[in-house]
Amino acid sequence: MENMREIDEIKAKIDETVKDIKTSATLREIKMKFLGKTGEISALMKKLKEIPPEERPAMGKVINALREWAEKRFDEFEEAVKAAELGARYEREKIDVTLPGKQRKKGAYHPDTLIIDELVSVFSGMGFEIFEGPEIENDYYNFTALNTPKDHPARDMQDTFYLGADYLLRTQTSAGQIRVMENKKPPIKILSPGKVYRFDDDATHSPMFSQMEGLVVDKGITLCDLKGMLDEFARKVFGDGIKTRLRPSYFPFTEPSVEVDVSCFECGGKGCKLCKGTGWIEVLGAGMVNRAVLQNCGIDPDEYTGFAFGMGIERIAMLKYGINNMKLLFDGDVRFLKQFRV
Ligand code: PHE
């Protein structure tokens, strides 16, 4: 009967402790205390040896029943504890999906970048590859090889930042023409965007600005090819129905040289403020690559001909986006720049 009392005590103890258990970790510990190898119930089993043999089977049954009861009790409790723990975790990790999200400020591309990207896409559609030359240039590439030797009056067309006798900040992306032609035999079809520098700073000039150069050299290239390509460029960039016209001009590295106008996309050519009543807007300089330039690059001008063009990115951006003050493109004012989100 001593044993029966102990059994009741154990049951009561289990009921008592189990009530206060909050975590499955403590539950596991307590469970071991009763049901583990050295636990209280196993101890009872060991004590069986001490009672008279004829009572052992009955007592063994009682202890086994206690073990089963305890296991069930702990299992039930484990479920309850786990459910409570999960509930607490859900509570802790609760997210209010109705709260407004954190505002992220969106960046915007600079108008120059937008124009460069557009031109690259238009011209790569026509088979042009991209070449980027250095901004610190050799006098030779920027001028001499472009048929503009020292003391040539055409050097005055571009006020230059010289960096000593031989080096300068390139005044034109045309310098890249030479670098390409020196290294590649025709057919050549490259597009070269980049920053250029001129010693000039007023309302319509900035000491640094961007250009886009194009160069095509192959057998049988003519001015008609240039005109055809420019028409395509004008339609793609300024809109269907836009025409181009060529006016005679002068650059030392092209012969003949032309200034290229597009028909005014604002008034359709009737004449307005944008085109200053002329119906035409100047967009770039171009021409047939001068024979002397081809020769300087080891290309036989009797076998190959080519055309080149160069345009000011800021000018195209101002025309296309209706920007009336070039300085806005260099000030970095976020209120201006954020208007160019695409
Ligand atoms: N490099 C010339 C300029 O900066 C533009 C140009 C490029 C003209 C290619 C003809 C051919 O004014």
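Visitor: What do buried and exposed mean here?

Guide: Buried means under 20% relative accessible area, exposed over 50%, and partly exposed in between, with a 1.4 Å probe and protein chains only. Asn-142 is buried, at a relative accessible area of 0%. The model is predicted: local features need pLDDT of at least 70, side-chain atom pairs count only at pLDDT 80 or more, and totals for chains, interfaces and linings use all residues. Residues are numbered from 1 along each chain as its sequence is written, and side-chain values use heavy atoms, with hydrogens and water left out.

Visitor: Where is Asn-142 found, and what does Asn-142 touch?

Guide: Helices are DSSP runs of H or I with at least four residues, strands are runs of E with at least two, and both are numbered from the N terminus. Asn-142 is in helix α6 (residues 139-142). Contact means heavy atoms within 4.5 Å. Leaving aside residues up to four places away in sequence, Asn-142 touches Glu-137, Gln-158, Leu-168, Arg-170, Thr-171, Gln-172 and Ala-175.

Visitor: How do I read the span of a helix?

Guide: The expected span is 1.5 Å times one less than the number of residues. Take helix α2 (residues 24-35): twelve residues reach 16 Å from first C-alpha to last, close to the 16 Å expected.

Visitor: Which residues of α2 are buried?

Guide: Ser-24, Leu-27, Ile-30, Phe-34 and Leu-35. The arc uses the directions from the helix axis to the C-beta atoms. In α2 the buried residues fall within an arc of 115 degrees, so they line one face. The face turned away from that buried side carries exposed Arg-28, Glu-29 and Met-32.

Visitor: How do I read a pair of helices?

Guide: Under 35 degrees counts as roughly parallel, over 145 as roughly antiparallel, 65 to 115 as roughly perpendicular, and the rest as oblique. The axes of α3 (residues 40-47) and α4 (residues 56-92) come within 10 Å and cross at roughly 170 degrees. The two are therefore roughly antiparallel.

Visitor: Which oblique pair can I compare?

Guide: Helix α8 (residues 223-238) and helix α10 (residues 313-321): their axes come within 11 Å and cross at roughly 50 degrees. That makes α8 oblique to α10. Phe-233, Val-237 and Phe-238 of α8 meet Ile-316, Leu-319 and Lys-320 of α10. Nonpolar covers Ala, Val, Leu, Ile, Met, Phe, Trp, Tyr, Cys and Pro; charged covers Asp, Glu, Lys and Arg; the others, Gly among them, are polar. This contact has five nonpolar, no polar and one charged.

Definitions and conventions
Axes are lines fitted to C-alpha atoms, for helices over the stretch in contact, and angles run from 0 to 180 degrees between N-to-C directions.
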